Structure formats: C-alpha cells, structure tokens
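Below is a set of questions and answers on one structure.

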Amino acid sequence: MPPAGCFRRSLLIGAGAAALVSPAIAQKGWEPTRPVQFIVPAGTGGGADQMARVIQGIVSKHKLMRQPMVVVNKAGGAGAEGFLEAKGARGNPHMIVITLSNLFTTPMATGVPFNWQDLTPVAMLALDEFVLWVNAESPWKTAAEFIAAAKQERLKLGGTGSKQEDQIIAVAIGKATGAQLTYVPYRGGGEVAVQLVGKHVDASVNNPIEAVTHWRSGALRPLCVFDSQRLANTEKMTETMAWSDIPTAKETGLDVEYLMLRGIFMPAGVQPAQVAFYEGLLEKVRETPDWRELMQQGAFNSTSMTGDAFRAWLTKEEARHRTLMQEAGFLA
Amino acid sequence: MEELGLLMQGFAVVMEPQNLLLMLVGIALGVLIGVLPGLGGANGIAILLPLTFAMPPVSAIIMLSCIYWGALFGGAITSILFNIPGEPWSVATTFDGYPMAQQGKAAEALTAAFTSSFVGAFIAIVMITFIAPVIAGFALRFGPPEFFAVMFLSFASFIGMSKGPALKTLSAMMLGFLLAAVGMDTVTGQLRMTFGSTEMIRGFDFLVAVIGLFGISEILCSIEDGLRFKGERAKIDARVVLKVWASLPKHWWLALRSSLIGCWMGITPAGATPASFMSYGVARRMSKHGASFGKGRIEGVIAPETAAHAAGTSALLPMLTLGVPGSPTAAVLLGGLIMWGLQPGPMLFVEQKDFVWGLIASMYLGNVVGLIVVLVAVPWFAAILRVPFSIIAAIILVVCAIGAFTVSNAEFDITLMLIFGVVGYVLKKLDYPLAPLVLALVLGDRTEEAFRQSLLISQGSLRVFFSNWLVSSIMAMGFALLLWPVVSWVVERINAHRSGTGAVVPREA
C-alpha cells in the first residue's frame, strides 16, 4: 500500500462521516451482503476465465462493490458442473455465472438437464469473434483458396473441445462449401494456435486473442472473420495488416457466420432489484479503461445487451444452435 | 553474450528492495501452499492473482513465480513426513522419502529433496537463459503423436518398477485408467461412466484420489500399528544438512540425468508430474541397487525432486515463448500476464525485454532464497514428527479434507477422499501397488486423448507413431524400456544355464 493511500484512508476515517462509502456504490437499492461467487464454467486460463478474472480485478481495483468477488472454476463436463450449480442455487443473489457458447452446446451435446432459462440473464458483455487461420508458410492466401484445397484433399482443422463452437464452425464450413475437414479437438485455444504454428493441423478457427501473438510474429495468417462485418480495430498489428483488414467470410464467398456469447447470468428466482444491481455493476465495469483495453486486445465485438433485448437474442440464438447442432448430428 | 547483459539488467530490476521483499513473501506463501495438500500452486496463485493488479507487472510476476517456487519446494515436506503428497509432482517423492522418515532419517530426506529441487531448477534456468529460442522451436515439433510417444515412454519407464507381482501391478494400473476415463471425454464431447450422477461429471481428480490413497490410508495403517509415528525418535541436528551435502556430489550423474528428463518434459510440455515419475522409474532401472528402491534410498528422493523442479521451471518457457502453459500453474500465470496487459507468445521476448529478463533473474534469486528458507526450517519440519500422533493425525485429517475440498470446491470430493482412503488401505493390505494406479490416473486421460487425436489426424493408421524420426525414436526408447525386464530375464537365464546353476527364480506371469 503506497503511503498516499494510507493517508487518504486515515483522513476518511478521521472525518468519521457516515457517507464514507465511495459514490459508486452509494446508490439506493439492493447490494450484496456476502462475498459474491463468480462461477466460471470452464478451466483456468481460457477465454471465459480470463474475462471473469479481469472483471474481478476491475471490481476490486476501482472499488465498485463493497463485498469481495470470488472467482470459482467449475469446468467439469464441458461446464455442465458450473451451470448445474447455478441452477441449483435458486434465489441466491450472491452468485453470478459467466457463459460461453457451452451455455447452449453442452446441454444439447450431453443431455445434461439444463437450459439457459434455468438462469436469470443479466447482461451480454461482448461477443467473441472467430477467425480462420492458416500457417503463414502454407500456400493459401485467401479463404477461397483454402476451401478449394480442402475440396481436393482432406485437411485437418484444430479446435477447442468437441461439439462446441469450433467444431460447429468446422462442420458449417463443410456444409456450405463441400470442403473436407477433419476436426481435431484440443483442450485449449492457445494449444490449438501452437499446433497450427507447428503444422500439426492445417487450419484453426481461433478467437483473435488466442492467436494474435503468432500472427504478429509472422507464423500465422488470418484468412477471414466469421462476422457479418469486419473487425473494428484499425491499428496495424503486423507490418501490413490491421484487424480491420481481414475480410469477412461472406466477402470471400463463404456463407458462415458465428459469434460467441460472453454474458453474465444469475440463478433463477432472484429479485429484480438484485438483477439491477449487477446490471449497474457491469455497466461501470464496461466504462473502465481496463475493460476497453481488453476489448481492444482481443478484438472483441463489444455489442452489449440487457433485459428483454438480451432474452430475445438468447431465444433466437438457442434456436440457431439447435439447428446447427442438429445439422451436424451433435444432438444427444 | 547478449543474454548475459540482459540478465544483468534483469538482476538490477529484481534487486530493488520492494521486489526482494515480494520475493520473500512469495516464497513463504508458496511453501505454505505446497505443504497444504490440494491447495496447489495453481489454486494458490489464482487466489492471490487479484492482489497483483495494482503492482507493476515485473513485481507481480516475481511474487507469483516465487509462490510457484515455494510450492515446488513445499510439496516435498508432507510427502516425506506423512506420506501425503502436497502436490501431484511429489507423489514419487513419497516412495522413498516416507520410508526414510520412518527410519528416523526425515531430516536427511528433506535436505536431499530441497537441495536436489534447487539443482534441478538451477540447471533448467541456465538452459532458459541461454538456449530459450532453440528450445522453444523444438516444442513446436510436438503434435499429438509425439505427445503420445512421450506418455508411452513415461509408462514404459515406470512399468516393472513395482515390487508387487506383475498381475497385481497391471490390475492396479487398469483401475487407474478406468478411473481416469470417468467424466467428460474431450474427443467426442460425451460424458462417460457418470451414471447420471451430477457429482461424477467432474471425474475423479487426481489430487483427491492421491490424498485419500496415500494420506488417509497411511493414517489408517498407523492407527492399526499403535498410534505413533515410526520416525519419532529421529535425531534432529542442524549439522545434518552439511552431512547430506557432503554425500550428494557422488550422485551428480543421477541429478544431471534427472534434470535433463525434467527439462525435456517441462518443455514438451508434459509437466512436472510425469517428469518426476519418469525420472524415478529410470533411476531405479539404472541403479545397481534397484531392488532396494522404495525402502528408503536417498536416490529415490533425489531423482523425482530434481526432475520435478527442472520441469516446473522449464514449463514457464513454452508459456512465455509460445503462450502454451506447460503446467496448470503456468496456465494461471498465463492468465495473469494477459491481465497485466502483456501478450504471452513469441513477441514477448522482443517487446518486453525488461519483464522477461526480470523474471528470469528472479528465477535465479528466488530459488537461492527459497533453498535457504526451507533448509533453515528443516529441523523444525522434522520436529513435527515428535508431536504425539493422536494430535497430529486429527490435524492431518482436517487439512486433507480442506485440501480435497479446495481442488474443485466440491463437498463430494471429501467423501470421495475418504472412500479412496479405505480403498488405499485395503489395497495395501492385499499387497497391491498404489503407484501404477496413481500414474494411470494422472496420465491416463491425456494419454488417451493424444492417442485418439493422432488417429484422427492419420485417419486411423497406427503408422503415425513412426512417421518421423522424433516420434519413432521416442517410441523405440519406450519399447526398449518396456521389454527390458523380459530381455534381462532371458539373459540371466542363459547365463544361469551356462554356469549350470539354473537357480534363477522365474518371475510370476
């Protein structure tokens, strides 16, 4: 603790004012009275875990909440463990869950009795993008060239987990173009990127943040992004390219679109005032420079939603996942 | 010698008083975390990570990596004193460390463990300092077939080391594989053998099983033997450290070999746990006194500890240069890097020289400081054994329960730990070896995964395991080690026939 901080604190205590609470949490309404459990339905070090820990860091650094926030990883069964815990904690306002696409895919693929409607949606924080990557030494300069090659001979596409977002995209590419792709599942995105650098697979659909360092070092080449519009970040990441220079899949004639939800949920049966507290909290998190830096670094699509709009989005997205999973033959 | 200049700059960063203080705090916390079973380095660092946001990245990584070194040192303490591995990589240390403690040589075993940990780490750091880029490139050659080959080699070097009859060893190992298969199957995305139970979704965590199989079952055995420690009358003498040191140089080849195994396993990245098992297996195989391993040989402590620490240290290398963590703890540190605004990967060495070399310098200093801290404490650690068993056993039980709970914050794991304790006790009484079970449980999952990934890549052809010189030579080494007992038995028999005695007792099937 630097001396300046101690001084300020003793000054505050000396003042003895009743309103010594920082203005950020001085609003009326409900507030946590116990430490808040922040459940991550994924392992340590992955994208969801990183985001949860950044949020935890921001909340404690900027003192946005009086009670501490504790991140707990419940990764078992592709996240089923974490979701079931949240489902079982009905009415508990001291628990939040961060979700990734396994919110939809895990119950569909494994038959674990769980659905997003067993939770209370709080907010969409961002959407994570997917980019088609190949090794920089490969002959394919565009997505079209890659697809053409995959029609000639079977190519290997590495991804995270099984019957989850990466494999859904791989199957969708195959369906849309007739490309022959063998999907090879790995444990984490970082591992997939390195396997691609080492040429053990021919392509990957890594999130930007998982592969950016290998792109900048010249080992990987992005071919297209699976979004309806190009990435926003125009800062040059390599000598010649910025995130915004990567064409969309559609531009290159590949009709596949996929974005991954990064959202926050609470258990079912909580009070509206309690939901409102976390909505407000996350709003403040999004306004911090630390958050903006994360969004920039990971080239996230920073769309956010709450309330009914978010519910409507979830309903639509669940139906879309069901179709995608069914087409791929992934339903349990 | 550009590296030396950069390293000196790194030392300048580390020598700042604030950083030195954080280093000491980190080591002390790490030893504590290592001592508590279950609360592993990964968990400990994850809990303390938020504290570091306010610090400059260099200070933060110094503190967190010192926790890591501390945990690596600390893991050996409970393995040796109570047969409870504080960390997965100290399981192999129990094989000879605990018998030593029972013979009243706890202080010797602890000194040997700490010193060899230091030696392993030091060799790994020197390697990181001077040949990091070359090594990082080597790690890129490891795809699923190579990874499977390494796992195969681990098993091969370990099979036959067991004292029990071959059939019992094999069944213990198969039980381990069976337990490892429970839970999510990463290759198909399906749940296996959960029988509809939500508690089983997690699968059986290796640490929970180990705390039960080793720790709880040992307590049960001690209760049966009459409520006391066998090693209580140990002479405790500060000079024991010097005595052990005097005896260590003759094991230089063992230490060097174990370090190399460790470095290799850390980089590939397979991690410290398989490294410690493999190193122990190889040491036993290569030793003239192989048969007396497991009864309290100091080599049986040196080999796994050196390898575990070398692997733990070199596991940071793929994390820094490739962004792939070589161990669970490294995975959490990786998350930390991203939060401090640093992007791990090939560009880190180019763009964040201060950070990288500060970290490397802190590895040198952190390990020296760590060694001093733990060695000074050896007499006190050994004195724990003088506390009456009936008091300490209760404390151990509570600490084990907390540890089992901490692994994944699940109450069910405490029940599971107790069940494993009873299973371990029964297996011991029936003379089944526990080591192969544990080995299969810890490596089974990833071995299976690598095998199936390889077959996906090769479209089902087993030839993928002999497709290039690297994977072929590792597989060949594995087969050689696997067949060694058979070959040596045949050679022995031939020799026996020649000499006309024929008195060789054939092994059981």
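Predicted model: local features only at pLDDT ≥ 70, side-chain atom pairs only at ≥ 80, totals over all residues.

Q: Which domains make up chain A, and how many Å separate their centres?
A: Chain A is split into domain 1, covering 3-128 + 260-328, and domain 2, covering 131-245. Taken over C-alpha atoms, the centres of these two domains of chain A are separated by 29 Å.

Q: Which elements of chain A give two or more residues to the side of domain 1 that touches domain 2?
A: The contact between the domains takes 18 residues from domain 1 of chain A and 17 residues from domain 2 of chain A. On the domain 1 side, the residues divide into 6 nonpolar, 10 polar and 2 charged. The elements of chain A that give two or more residues to that side are α4 (102-110), α10 (289-297) and α11 (307-328).

Q: Which element gives the largest share of the side of chain A that touches chain B?
A: In this interface, 43 residues of chain A are in contact with 43 residues of chain B. Elements of chain A giving two or more residues to its side include α3 (80-88), β7 (181-186), α7 (189-197) and α8 (208-216). The largest share, 8 residues, comes from α2(A).

Q: How do the residues of the side of chain A that touches chain B divide by class?
A: The classes to be counted are nonpolar, polar and charged. For this side of chain A, the division is 13 nonpolar, 20 polar and 10 charged.

Q: What is the handedness of the crossing of α6(B) and α13(B)?
A: The axes of helix α6 (residues 106-139) and helix α13 (residues 299-314) of chain B come within 7 Å and cross at roughly 35°. The residues of the contact of α6(B) with α13(B) divide into 14 nonpolar, 7 polar and 1 charged. The crossing of α6(B) and α13(B) is right-handed.

Q: Which residues touch the most other members of the largest nonpolar core?
A: The largest nonpolar core has 276 residues, and its largest share, 18 residues, comes from helix α4 (residues 57-82) of chain B. This core also draws at least three residues from each of domain 1 and domain 2 of chain A. The residues touching the most other members are B:I80 and B:L110.

Q: Which residues does B:I80 touch, not counting those up to four places away in sequence?
A: Residues up to four places away in sequence are left out of this list. With that exclusion, B:I80 touches B:T93, B:G97, B:Y98, B:M100, B:A101, B:A106, B:A109, B:L110 and B:A113.

Technical notes:
Residues numbered from 1 in each chain as written. Chains lettered and ligands numbered in written order. Domains from an automatic or database assignment. Contact = placed C-beta atoms within 7 Å. Helix = DSSP H or I, 4+ residues; strand = E, 2+ residues; numbered from the N terminus. Nonpolar A, V, L, I, M, F, W, Y, C, P; charged D, E, K, R; others polar. Axes fitted to C-alpha atoms, helices over the stretch in contact; angles between N-to-C directions. Left-handed = near helix turned anticlockwise from the far one by under 90°. Core = buried A, V, L, I, M, F, W, Y, C linked by C-beta atoms within 7 Å. Buried ≥ 20, exposed ≤ 12 C-beta atoms within 10 Å, placed from the backbone.
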